[in-house]
Amino acid sequence: VSRFEGISMAPPDPTIGVSEAFRASTNERKLDLAVRAYRTEELQPYLLNVVKKAEMLMLERGEHREYLPIEGLAAFNKVTVELLFGVDNPVIKQQRVATVQSISGTGSLRLAAELIERYFPGVKVLMSSPSWSNHKDIFNDARVPWSEYRYYDPKTVGLDFEGMIADIKAAPEGSFVLLQGCAHNPTGIDPTPEQWEKIADVVQEKNHIPFFDVAYQGFASGNLDADASSVRLFAARGMELMVAQSYSKNLGLYAERIGAINVVCSSADAVARVKSQLQRLARPMYSNPPVHGAKIVTNVVGDPDLFNEWRKEMEMMAKRIKSMRRKLYDSLTVKDKSGKDCGDLLDEEYSLPS
Ligand code: PMP
């Protein structure tokens, strides 16, 4: 008998379950709407040209594979924080951001969760209902209490803005408010600029700490600055905040596990302390982050030519995603001559997990 007898089967990840059901289905007209990565017209993974070029440069230079410092590659952290806030942002000029390279968006969220658990005991994280399914697990495993604010309104298939504001207002003062910077997963619904202002008003009024998850900068609109405007709006109000960043989607670096956690503080002094604690937390978890993706990002984002090329490639991807969605919507809403819906593209045998 196994010593591991007491371990029961873990439930499958809900999003991965959709992909598995897709593979299992024999329906010829099946469409996998759960793919967690950008695919080409031929359903193939897409390696960005700028990534290939950056890797070529790295090979030419014969870059080593020694350990990075715990906080990651300094040049990576610099371009990353600049990409998020914009080079001329006062928070950067005043050295008010603690940036630590981490294991993509997920690892960055987890690192921040560990910081909350240790230094804000009992403080809740508020997240949208629904949110990316891993958010709950990340905070559960880090033993951080959380609750939800209303977000998706099935009646309007839009944002329940009143509900969202009311719930953020009703939360205990000084809570963390998890916000997705753009391209909200899983609803695809983002607040308008006016709504973001009002969200910032209540967050500020209640002394909450905004905690942004930015996993799709550039992917929502095709424009890096536009997609960071929510975060920049909060920063411009002088608020302290946290941002988890990922390069999985916008540079197609999924498996490189490259991203960062940024903590905007009110003083450079606090930045030094926060950064030291993030490193203290990272060290026993994974010691130091991977170098390859960090160098790819640094070469692309830090080089004016490659950066421009990246922007074009990203715009292409964002546009194509939009047109694919449009086509899907149109084919689902096509009516036959009798007026009956003939957009029966969704597999009847399979319903989405709740
Ligand atoms: N946040 C959101 C909202 C996401 O959708 C994802 C990826 N699906 C992530 C974070 C994290 O992705 P990664 O760990 O690959 O950066």
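A residue counts as near a molecule or strand if its C-beta atom, placed from the backbone, lies within 6 Å of it. The views below show a predicted model, in which local features need pLDDT of at least 70 and side-chain atom pairs count only at pLDDT 80 or more, while totals for chains, interfaces and linings use all residues. Residue numbers start from 1 along each chain as its sequence is written.

**View 1. The shell around the ligand.** Welcome to the ligand site, where 13 residues surround the ligand. The closest are Ser104, Gly105, Thr106, Ser246 and Ser248. Helix 5 (residues 104-119) gives the largest share of this shell, with 3 residues. Helices (H or I, at least four residues) and strands (E, at least two) are DSSP runs, numbered from the N terminus. Sorted by class, the shell holds 3 nonpolar, 8 polar and 2 charged residues. Here Ala, Val, Leu, Ile, Met, Phe, Trp, Tyr, Cys and Pro count as nonpolar, Asp, Glu, Lys and Arg as charged, and the others, Gly among them, as polar.

**View 2. Helix 5 against helix 11.** Helix 5 and helix 11 (residues 268-286) pack at an angle of about 110 degrees, and their axes are 10 Å apart. Axes are lines fitted to C-alpha atoms, for helices over the stretch in contact, with angles from 0 to 180 degrees between N-to-C directions. Helix 5 is therefore roughly perpendicular to helix 11. Angles under 35 degrees count as roughly parallel, over 145 as roughly antiparallel, 65 to 115 as roughly perpendicular and the rest as oblique. Leu111, Glu114 and Leu115 of helix 5 meet Gln277, Leu278, Leu281 and Ala282 of helix 11; two residues are in contact if their C-beta atoms, placed from the backbone, lie within 7 Å. The residues of this contact divide into 5 nonpolar, 1 polar and 1 charged.

**View 3. Helix 2 against helix 12.** Helix 2 (residues 49-61) packs with helix 12 (residues 292-301) at about 110 degrees, with the axes 9 Å apart. The two are therefore roughly perpendicular to each other. From helix 2, the contact takes Val50, Val51, Ala54, Glu55, Leu57 and Met58, and from helix 12 it takes Lys295, Ile296, Asn299 and Val300. By class, that makes 7 nonpolar, 1 polar and 2 charged residues.

View 4. Two strands pair if DSSP finds at least two bridges between them. Strand 2 (residues 125-129) and strand 6 (residues 176-180) run parallel and are joined by 2 bridges. Leu126 stands opposite Val177 in strand 6.

View 5. The peptide bond from Ser129 to Pro130 is cis, with omega near 5 degrees; Pro130 sits in the loop between strand 2 and helix 6 (133-141). Asn185 and Pro186 are also joined by a cis peptide bond, with omega about 10 degrees, and Pro186 belongs to the loop between strand 6 and helix 8 (193-205). Arg143 is not a glycine, yet has a positive phi of about 60 degrees. Look for Arg143 in the loop between helix 6 and strand 3.

**View 6. Confidence.** The protein averages a pLDDT of 93, and 94% of the residues score at least 70; pLDDT is the predictor's confidence in each residue, from 0 to 100. Over residues 345-354 the pLDDT is below 50, and this stretch has 12 contacts in the model beyond near neighbours in sequence. For the complex, the predictor gives an ipTM of 0.99 and a pTM of 0.93.
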